[in-house]
Structure formats: structure tokens, C-alpha cells
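Let's take a walk through a protein chain together. Have a look at the sequence and the 3D picture, and then we'll go step by step.

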Amino acid sequence: MTTLAAVHTALPPHRYPQDRLTEPLGDLCLAPGADRAVFRRLHASAGVRTRHLALPIERYAALRDFRESNEAWLTAGLDLAEQALGTALAQAGLAPADVDLLVCASITGVAAPSLDARLAGRIGLRPDVKRLPVFGLGCVAGAAGLARVHDYLRGHPGGTAVLLTVELCSLTLQKGDDSRANLVAGALFGDGAAALVARAAATGTGAGAEPPAGPAVIATRSHLHPGTEHLLGWDVGAGGFRVVIDPAVPALVRRELGAQVRGFLAGHGLATGDIGAWVCHPGGPKVLDAVTDALGLPEDALAPSRRSLAAVGNLSSASVLHILQGFTEAHRPEPGTWGLVLAMGPGFCTELVLLRW
């Protein structure tokens with residue numbers, strides 16, 4: 001059995017109210033003298049109150065090219081990764097040398113050696129630690145990474161695996177790009193890193209063993225939607241990562257998600273009404289509305305996702321871990337509660353992870 005021993009989110013120190021960011025980001029994205037009415041409405045309706053940025057907002061105008069943005073991602077990302085992973089391990093009562101597998105996901109920068117390799121010596125991971133750097137999953141990587149950690153631990157009783165996500169979305173913003181996708185991204189996304197520590201019970205563990213610190217992973221499912229590659233992702237060019245967000249995403253969610261989730265739950269004798277903890281990636285207000293409609297959920301079912309979006313923005317792959325942290329700390333469900341981790345990302349794809357406290 002895979003159990004979640006700890007989850008911790010690390011956020012950059014540069015925290016801003018949403019309305020404090022609107023005009024500076026408009027200066028970066030819009031032509032001088034351009035009408036900002038639509039841009040201001042996007043910021044006001046994004047469901048975001050505050051965000052943390054990797055750099056002080058004044059420094060973004062000085063980033064000259066993709067190389068400088070990527071260097072900033074690597075520097076700030078390593079610091080946040082160390083903070084997230086170190087704290088999560090301490091909360092789990094473990095040392096870095098206890099980690100057998102480190103899965104590290106990021107879609108907002110690139111490096112070789114990868115982030116996890118650079119972090120290993122810095123934090124004290126064993127030289128024989130297994131590493132799996134992941135790029136390209138985007139927002140779905142928090143759920144998909146948890147699922148792949150579970151896959152590994154099923155074959156390694158007594159093992160410890162960590163999922164680390166590092167997303168500095170602000171460093172991908174394209175200056176001088178007034179496309180709707182870039183403006184929406186500038187209104188929604190925040191920066192942060194998160195680490196999840198998972199453990200597999202040792203063979204022969206009996207009834208006298210210490211109870212798990214968090215929920216157990218019961219099952220997972222992945223789904224790739226054919227012919228939807230154009231809906232979400234990056235258009236990679238000389239300027240770096242230009243975001244692709246198609247307005248058709250909420251319609252796809254309404255059309256496809258209900259059957260996927262209900263079918264997955266039915267395979268375990270469950271229905272949507274049996275889920276007491278919805279850990280849903282907060283893609284944005286329209287996506288959350290679409291998920292609510294597709295699954296026929298009560299209005300407050302996705303309140304944790306909306307709270308996360310309001311507090312820190314969309315953290316890409318780190319968001320579901322930020323939400324899950326709330327369920328393992330202040331809002332811990334009663335024993336026996338079923339939970340579902342749900343995220344969507346480029347592909348277009350969906351990842352589901354069934355939990356039980």
C-alpha cells in the first residue's frame with residue numbers, strides 16, 4: 001500500500017495582490033497606448049487574489065531573452081525545490097538519504113543536468129537514488145507524478161519515493177505578446193514548488209504497525225484524448241515558451257470528463273457522491289465550473305481548488321499538491337473518507353488518483 005507521509009508547498013517571497021500586478025504585466029505584454037479594458041477584466045475575473053513571483057515584479061522587464069529567463073528559473077527553482085523537499089522530508093520524519101526514487105516535474109524551464117541532479121548533492125540524497133525528471137506534462141504532472149510514484153512503490157515494499165514539482169510560470173510570460181492566451185496566462189498563473197513524500201508498507205507489516213500519516217493510494221487512471229494536441233501546451237520558439245490555451249478546453253471537459261470519472265469510480269463500487277475530498281487542479285474559473293457541471297457536484301465541492309487559486313494562482317503541476325496539503329493539515333478528512341485527485345494537461349489528457357484516508 002502506498003501512503004502519503006507528507007506534502008509541502010514552498011512559495012517565493014515576492015507576494016503581490018492581483019490588482020498590484022495588473023498594470024506592470026500590462027506594460028510587459030501590451031503595446032504603449034493600447035486599450036487595457038479587456039486585460040483588466042481578465043485580471044479581475046481570474047479568481048486570483050494574490051500571487052507569488054520568482055522575481056520582484058520590477059525585474060521582469062530587464063529579462064532580455066529566453067536564456068536569462070531560464071537561468072532565473074534554475075536559480076530560483078533550486079532554492080524552492082530544496083525548501084519544499086527538505087520540509088516535506090522533515091515532516092515525514094525522514095532524511096534525504098531515505099529517498100529511493102525522486103520524480104521531478106517542471107514545464108517552465110529546462111536544464112541538463114536536470115533540477116533533480118543538481119539538487120541531489122545539495123540536499124544530501126544518496127548517490128544511488130533513482131531519478132526521473134519529467135517535462136511536458138504541465139498542469140497534469142502533479143496527479144500523474146503521484147500515480148507513477150505509486151506504480152514504483154507497488155514493486156518496492158518498504159520504499160520511499162518523492163514527487164517534486166517546480167513551476168515558475170511568471171518566467172514564461174512573453175513580452176510584447178498581446179494574444180489572448182498570453183494575457184490569460186498572465187492573469188492566472190503563479191510560482192511555487194511542492195514536494196510529496198510517499199511510502200510503501202514493508203512486506204509482513206502487521207496490525208501493530210504505526211498508522212499511515214496520510215491517505216492511501218487505492219487506484220489510478222490515465223486518459224489521453226485523441227486529436228486534441230492543439231488545445232494546450234507550448235509553442236516553443238526563439239523567445240522561449242509561448243503558451244497555448246484554447247478556449248475550447250472547458251467545452252471538452254463538460255463533454256468528456258463525466259463519463260471518465262464515473263467509469264473509474266464505478267470500477268471500485270463508488271459514485272461521485274461517495275467522494276468526500278475533491279483535489280482538483282484549478283485550471284481557472286471556467287474550467288472549475290466545467291468540472292462541477294460535468295460531474296454534477298455540489299457548488300462547494302471544489303471550494304479547496306478555488307481557495308488555492310485565489311491564494312496563489314494556478315501553480316501548474318504544483319497546484320494539486322498545494323490543495324492536497326490543505327487536506328493533510330488544516331482540513332484533514334475523517335478516517336474512511338474517499339478522495340479523488342484530478343488534473344488535466346497537454347495532450348489533452350486527464351489523470352485520476354483515488355485516495356482513502
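What follows is a short tour that goes from an annotated region to a helix, some loops and a cavity. Keep in mind as you look around that this is a predicted model.

Let's start with a label from a database. UniProt, in an unreviewed entry, lists residues 223-356 as "domain: Chalcone/stilbene synthase C-terminal". Over that stretch, the chain is 37% helix and 27% strand. Its end C-alpha atoms sit 22 Å apart.

Now find helix α6, which covers residues 180-188. How many of its 9 residues are buried? The count is 8, so the helix is largely enclosed by the rest of the structure. Buried here means under 20% relative accessible area. The buried ones are Ala181, Asn182, Leu183, Val184, Ala185, Gly186, Ala187 and Leu188. And what do they pack against? Their partners include the helices α1 (18-29), α2 (37-44) and α8 (285-295), along with the strands β3 (50-53) and β10 (240-245). Helix α9 is another partner.

Between α9 (303-312) and α10 (319-328) you'll find Ser316. Its phi is near 55°, a positive value in a residue other than glycine. Is Ser316 buried or exposed? At 3% relative accessibility, it counts as buried.

One joins Ala112 and Pro113, with omega at about 5°. Pro113 lies in the loop that runs between β4 (101-105) and α4 (115-123). Another cis bond joins Gly347 and Phe348, and there omega is about -15°. Look for Phe348 in the loop between β12 (338-345) and β13 (349-356).

How do you find empty space inside a protein? Rolling a probe the size of a water molecule over the atoms shows where empty space is left. For this model, the count comes to 1 cavity of 30 Å³ or more. The largest cavity holds about 40 Å³ of space.

Sorted by class, the lining has 5 nonpolar, 3 polar and 1 charged residues.

Notes: Residues are numbered from 1 along each chain as its sequence is written. This is a predicted model: local features need pLDDT of at least 70, side-chain atom pairs count only at pLDDT 80 or more; totals for chains, interfaces and linings use all residues. Side-chain values use heavy atoms; hydrogens and water are left out. UniProt positions are given in the numbering used here, feature names are shortened, and annotations may be inferred rather than shown by experiment. Helices (H or I, at least four residues) and strands (E, at least two) are DSSP runs, numbered from the N terminus. Buried means under 20% relative accessible area, exposed over 50%, partly exposed in between (1.4 Å probe, protein chains only). On a 1 Å grid over the protein atoms alone, a cavity is a set of points where a 1.4 Å probe fits but cannot get out, and a pocket is an open set with protein on both sides within 12 Å along at least five of seven lines; lining residues have an atom within 4 Å of a point. Grid points are joined across faces, edges and corners, and a volume is the space filled by probe spheres set on the points. Ala, Val, Leu, Ile, Met, Phe, Trp, Tyr, Cys and Pro count as nonpolar, Asp, Glu, Lys and Arg as charged, and the others, Gly among them, as polar. Contact means heavy atoms within 4.5 Å.
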